[in-house]
Amino acid sequence: MTEQHNNPLNFALIGAAGYIASRHMKAIKETGNKLVTALDKYDSVGIIDSYFPEADFFTEPERFDRHLDKLRRKGDNKIDFVSICSPNYLHDAHIRLALRNDAHAICEKPLVLNPWNVDALSDIQKETGKHIFTILQLRLHPAIIALKKKIEEGPADKIYDIDLSYITSRGRWYFISWKGDIEKSGGIATNIGVHFFDMLTWIFGEVEQNTVHVLTDDQAAGFLQLKQARVRWFLSINEKSLPESAIQAGKRTFRSLTIEGEEFEFSEGFTDLHTTSYRHILNGGGFGLEDARQSILTVFNIRNTQPVGLKGDYHPLASKTF
């Protein structure tokens, strides 16, 4: 099904005006395939010209769905994959649209917002015979693959102490957009944290305890007891959370992962991971529903847990929340 084809595969893309869409277009191009058509309710999609100026474009999902159906019935240019870069709360519906049109789906993170969505999509995947993939690009990062190997070859009973800090400053626009609406984005733990939670549980095992210390619109902190790690985590989109070193350097983003007190460096090598993800899928790999299930459950529980305040083992930056 997902073997690399000699002839270009046909792609459609939903959410063409979004921030991450250009990485998907680049990945489609660099894997030798073709974007046939795209959808976005907003028409600021000039980025398409950099990759596929011949692609059809729609601003109405009804006409886009009709177009995919016509392509499928005619046989020419039938869509093989639909790439989904739409707002988080629409992922479920757009995955269904893809499978309904006899295409596989490649969906941005988070795949869906709720654990029960995974079960429903699993049923549809079985019914249609089409596959649902998600972008978990950190699992393809060379440094993170090496870390997983190191942990697997280490003592099986060792519990590692980890501090995760991720601050990515956002302006007032964030709270006007869908990203600031917890019903649409899932909140910051889901929107900016899900990749890190997936990476940590992929390496250190399943969640055994999930405690939330702080949970506001722009900051969140908590503790995860994993099978092989104690993780204190802190996420923020508030620039006031930035450490002095980042402020002095003029940076609006700060990312740190310490393991047993030592900094784990993985800040480089992100640029091409979407293309790597596409190659992984097209060569018969890819990450699917069950790969995403643990991280979706983790952020769902964070979103629906009452914060306990600064009690127990909390992240040092949690005491500086605003």
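How many bridges pair S7 with strand S10 (residues 229-236), and in which sense, parallel or antiparallel? Eight bridges join S7 and S10, in the parallel sense. This is a predicted model, where local features need pLDDT of at least 70, side-chain atom pairs count only at pLDDT 80 or more, and totals for chains, interfaces and linings use all residues. Residues are numbered from 1 along each chain as its sequence is written, and side-chain values use heavy atoms, without hydrogens and water.

**View 1. Strand S7 and its two partners.** S7 covers residues 160-168. Strands (E, at least two residues) and helices (H or I, at least four) are DSSP runs, numbered from the N terminus. Two strands pair if DSSP finds at least two bridges between them. In S10, Arg232 stands opposite Asp163. Strand S11 (residues 253-259) runs antiparallel to S7, with seven bridges. There, Ile162 has Ile259 as its bridge partner, and Ile167 has Phe254.

View 2. Six strands form an open sheet with mixed pairing, in the order S8-S9-S10-S7-S11-S12. Strand S8 (207-215) and strand S12 (262-263) stand at the edges. Each has a single partner strand, so one side of each is left without a neighbour in the sheet. H12 packs on the sheet and touches S8, strand S9 (219-226) and S10. Contact means heavy atoms within 4.5 Å. The directions of H12 and S8 make about 40 degrees. Axes are lines fitted to C-alpha atoms, for helices over the stretch in contact; angles run from 0 to 180 degrees between N-to-C directions.

**View 3. The largest pocket.** A pocket is an open set of points on a 1 Å grid over the protein atoms alone, with protein on both sides within 12 Å along at least five of seven lines. Its volume, the space filled by probe spheres set on the points, is about 1,400 Å³. The lining has 42 residues (an atom within 4 Å of a point). Tyr19, Ile20, Lys109, Trp178 and Lys179 lie nearest the pocket centre. S7, helix H6 (173-176), helix H9 (194-204) and S11 each supply at least two lining residues.

**View 4. The largest cavity.** In a cavity, a 1.4 Å probe fits but cannot get out. The largest cavity holds about 40 Å³. Its lining includes Lys109, Thr134 and Ser295. Helix H12 (residues 289-303) gives the largest share, three residues.

How values were computed. Buried < 20%, exposed > 50% of the residue type's maximum accessible area, 1.4 Å probe, protein only.
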